[in-house]
Amino acid sequence: MLSSRPNSKTSRRLLALALGAGLVSAALGTAVPASAQPAPVAPAASAAAANARYVGGAEGAAGNKAFFDAVLKSVAKRQTANPSLASVTVYYNASQAPSFRSQISSAASIWNSSVSNVKLQSTTGGADFTYYEGNDSRGSYASTNGHGSGYIFLDYAQNRQYDSIRVTAHETGHVLGLPDHYSGPCSELMSGGGPGTSCTNRYPNTTERSRVNQLWANGLAKALAKVNKAA
């Protein structure tokens, strides 16, 4: 019976060919398309703080609440340290999502023109939450890193399939405390991907705007009370 194992001479030849191919690949590395390049990796969400996704997920409500609580706590700590601040500002860092800088800015402007009790502002330093970008089969989502910090992940493929500013404004809505409601109409921003890819509405409706103003009046007051009690 003939053996199927290559002899040592054959093995050495195969190894040399493999190494040569590797060197050629390395030399041609600049030809790799941008879409294949590794993207910044967002912090892994803890099991307790599951993701709130644009197109749905059974654990979305838990992830949304954990995310909102993390942002609210961060803002409350700053408000306590600076009691003279007249308005509530939530700071975000978009440096880890450079491809979506325009969409993020538009989403912030949409929310800032829609609500009065809280404002979103960009910063390159310490932020209440961060945006990330990359490829993820789960799509875009809002979550926490398991250590009290919130972040939004924007998926490349999903943002090509759906209206990108709507996706970003929807996920930013989680920052402000709104839950997903996928069965809602296109006129409802938090219906997310429910109405389908043809939906391009980027603005929260009256009910959503009212809810955010309410949350950042009463919710923040409760968060401040907790922070002051723990201090």
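Is Tyr92 buried or exposed, and what is its relative accessible area? In this predicted model, Tyr92 has a relative accessible area of 7%, so the residue falls under the 20% cut-off and counts as buried.

The protein chain contains six helices and six strands. Read from the N terminus, its elements follow the order α-β-α-β-α-β-β-β-β-α-α-α. Of the 231 residues in the chain, 42% are buried. The chain exposes about 12,300 Å², and carbon and sulfur atoms account for 55% of that area.

A pair of aromatic rings is described by the distance of the centres and the angle of the planes. Eight aromatic pairs are counted in the model. One of them is formed by Phe68 and Trp216, an edge-to-face pair with 5.8 Å from centre to centre and 85° between the planes. This pair links distant parts of the chain, as Phe68 sits in helix α2 and Trp216 in helix α6, 148 residues apart. Phe68 and Trp216 are both buried.

The opening residue, Tyr92, belongs to another such pair. The ring centres of Tyr92 and Phe129 lie 6.1 Å apart with their planes at 40°, so this pair is tilted. Tyr132, Tyr141, Tyr151 and Phe153 come together in one aromatic cluster.

Gln103 lies in helix α3, which spans residues 101–114. Its relative accessible area is 16%, so Gln103 is buried. Once neighbours within four places in sequence are set aside, the contacts of Gln103 are with Ser164, Ile165 and Thr168.

Rolling a probe the size of a water molecule over the atoms shows where empty space is left. The largest pocket holds about 320 Å³ of space. Its lining consists of 14 residues, of which Asp69, Leu72, Gly219, Ala223 and Lys226 are the closest to the centre. Helices α2 (60–81) and α6 (206–230) are the elements that each give two or more residues to this lining. The biggest share comes from α6, which gives nine residues. By class, the lining of the largest pocket divides into six charged, five nonpolar and three polar residues. The helices involved, α2 and α6, are also the two that carry the Phe68 and Trp216 pair.

The second largest pocket has a volume of about 150 Å³. Its lining is made up of Gly177, Leu178, Pro179, His181, Glu188, Met190, Asn205, Thr207, Glu208, Arg211 and Leu215. Sorted by class, these lining residues comprise four nonpolar, four polar and three charged.

Key. Residues are numbered from 1 along each chain as its sequence is written. This is a predicted model: local features need pLDDT of at least 70, side-chain atom pairs count only at pLDDT 80 or more; totals for chains, interfaces and linings use all residues. Side-chain values use heavy atoms; hydrogens and water are left out. On a 1 Å grid over the protein atoms alone, a cavity is a set of points where a 1.4 Å probe fits but cannot get out, and a pocket is an open set with protein on both sides within 12 Å along at least five of seven lines; lining residues have an atom within 4 Å of a point. Grid points are joined across faces, edges and corners, and a volume is the space filled by probe spheres set on the points. Helices (H or I, at least four residues) and strands (E, at least two) are DSSP runs, numbered from the N terminus. Ala, Val, Leu, Ile, Met, Phe, Trp, Tyr, Cys and Pro count as nonpolar, Asp, Glu, Lys and Arg as charged, and the others, Gly among them, as polar. Rings of Phe, Tyr and Trp (its six-membered ring) pair if their centres lie within 6.5 Å; planes under 30 degrees apart count as stacked, over 60 as edge-to-face and the rest as tilted. Buried means under 20% relative accessible area, exposed over 50%, partly exposed in between (1.4 Å probe, protein chains only). Contact means heavy atoms within 4.5 Å. Accessible areas come from the Shrake-Rupley method with a 1.4 Å probe; for residues, only the protein chains shown count as cover.
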